Amino acid sequence: MADDALFEFLHMEIVALVYKEQATREDIDKERVTCVSTLDAMGFRVGQGMIERFTKDCPTFKDDLDLMKFLCKDFWSTIFKKQIDNLRTNHQGTYVLQDNKFALLTQFSSGKQYLEEAPKYLAFSCGLIRGALSNLGLESVVTAEVSLMPSCKFMPNLKSLIN
Amino acid sequence: MSRQSNRATDSKKMNSELFTLTYGALVTQLCKDYENDEEVNKQLDKMGYNIGVRLIEDFLARSSVGRCHDFRETADVIAKVAFKMYLGVTPSVTNWNPAGDEFSLILESNPLVDFVELPDNHSNLVYSSLLCGVLRGALEMVQMAVDVRFAQDTLRGDSVTEIRMKFIKRIEENLPAGDE
């Protein structure tokens, strides 16, 4: 039973590694996009694996909202030790998951210091959500927004098969 | 069994898997980025070192262990307190050399390698190299220079995982000049 601290430290090192690797590139914007997608891809694999073990014995969800609630409560508490504080949706496939004290940001700052660094530390978690949703049968694009640490919002946009 | 207790044990297990899965994703990424296994081992060791130098503070804050008086005590603390706290396993401390400055940690099971198999073209990969770095980094912060390596690895066909730790020297604390 690995301790949470281990995951948090490992995550920090992974972010540092990914950005260090790309530091040799000259195009700063390209660098940012590549790093984010590398971290997102790693998170994706982990999210898929996690949800697989998690939902082995669970009944199926009755609809997307039910599934999102599961993500916000059970899944989030297991991984980040607390539930999502606020879930909003436009009932058309866009959701906003707000975590007022996101575990991977609490060590950073409370407020606006280091705000520009924050997105690096959210990319993996975006992938995590995307991976979890993917294994639950939902394709999505997940972005994150942070304006006041350690609070942040994750925004999965579910791609509907019908549309 | 009540649903609550099921959730609690599942939750702990899940966390272990979170770390294991994340570590797996990391190793996979490194194998993509670097051409040979030796490089990957080195990277993992370096990352482990960076984690270790920070982890020791977390460890000292959360455990109530005081200063270790000798290397034997250090070995016991590593096996019975640190490994238990962070990885949920307690390796056994054995194979002390006559000088008392080298020992082995034997792990019956290594949480990092759950569900992992090494493909044939990565026979030189020491998958859990991160652990060596963590131990080295952590001990350096408490003034001990050690050499840590894997002597046996279940992923490479051995029956157990054996980490060999050797005490090199005590690192003197650097006091600023003029500080009495």
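## Helix H3 of chain B

Helix H3 of chain B spans residues 71-87 and carries a kink of about 35°. The kink is centred on Ile78(B). This is a predicted model, and every value here is computed from it.

Ile78(B) is also one of the buried residues of H3(B). Others in that buried set include Phe71(B), Thr74(B), Ala75(B), Val77(B) and Ala79(B). Further along H3(B), Ala82(B), Phe83(B), Met85(B), Tyr86(B) and Leu87(B) are buried too. An α-helix has 3.6 residues a turn, so residues three or four places apart point the same way.

Asp70(B) caps the N-terminal end of H3(B). One of its side-chain oxygens lies 3.2 Å from the backbone nitrogen of Arg72(B). After H3(B) comes Gly88(B). The phi of Gly88(B) is positive, near 70°.

## The chain B sheet

Chain B holds an open sheet of four strands. Their order is E1-E2-E4-E3, and the pairing is antiparallel. Strand E1 (92-94) and strand E3 (144-152) of chain B are the edge strands, each pairing on one side only. From one strand to the next, the twist averages 25°.

E3(B) and strand E4 (residues 161-170) of chain B run antiparallel and are joined by eight bridges. Within this pair, Val146(B) stands opposite Phe167(B) of E4(B). Strands of a sheet pair through backbone hydrogen bonds, either parallel or antiparallel.

## Helices against the sheet

## The nonpolar core

The largest nonpolar core has 101 residues. Which residues have the most contacts inside it? They are Leu26(B), Ile163(B) and Met165(B).

Leu26(B) has contacts in both chains. Leaving aside neighbours within four places in sequence, its partners in chain A are Leu10(A), Ile14(A), Leu17(A) and Met42(A). In chain B, Leu26(B) touches Leu44(B) and Met47(B).

## A hairpin in chain A

Strand E3 (residues 140-148) and strand E4 (residues 151-158) of chain A run antiparallel, joined by seven bridges. E3(A) and E4(A) form a hairpin with two residues between them. Leu148(A) has Ser151(A), in E4(A), as its bridge partner.

Key:
Residues are numbered from 1 along each chain as its sequence is written. Chains are lettered from A and ligands numbered from 1 in the order in which they are written. This is a predicted model: local features need pLDDT of at least 70, side-chain atom pairs count only at pLDDT 80 or more; totals for chains, interfaces and linings use all residues. Side-chain values use heavy atoms; hydrogens and water are left out. A nonpolar core is a set of buried Ala, Val, Leu, Ile, Met, Phe, Trp, Tyr and Cys residues joined through side-chain atoms within 4.5 Å. Buried means under 20% relative accessible area, exposed over 50%, partly exposed in between (1.4 Å probe, protein chains only). Contact means heavy atoms within 4.5 Å. The bend at a residue is the angle between axes fitted to the seven residues ending there and the seven starting there. A polar contact is a pair of N or O atoms within 3.5 Å; within protein, one must be able to donate a hydrogen and the other to accept it, and residues adjacent in sequence count only if both atoms are side-chain atoms. Two strands pair if DSSP finds at least two bridges between them. Axes are lines fitted to C-alpha atoms, for helices over the stretch in contact, and angles run from 0 to 180 degrees between N-to-C directions.
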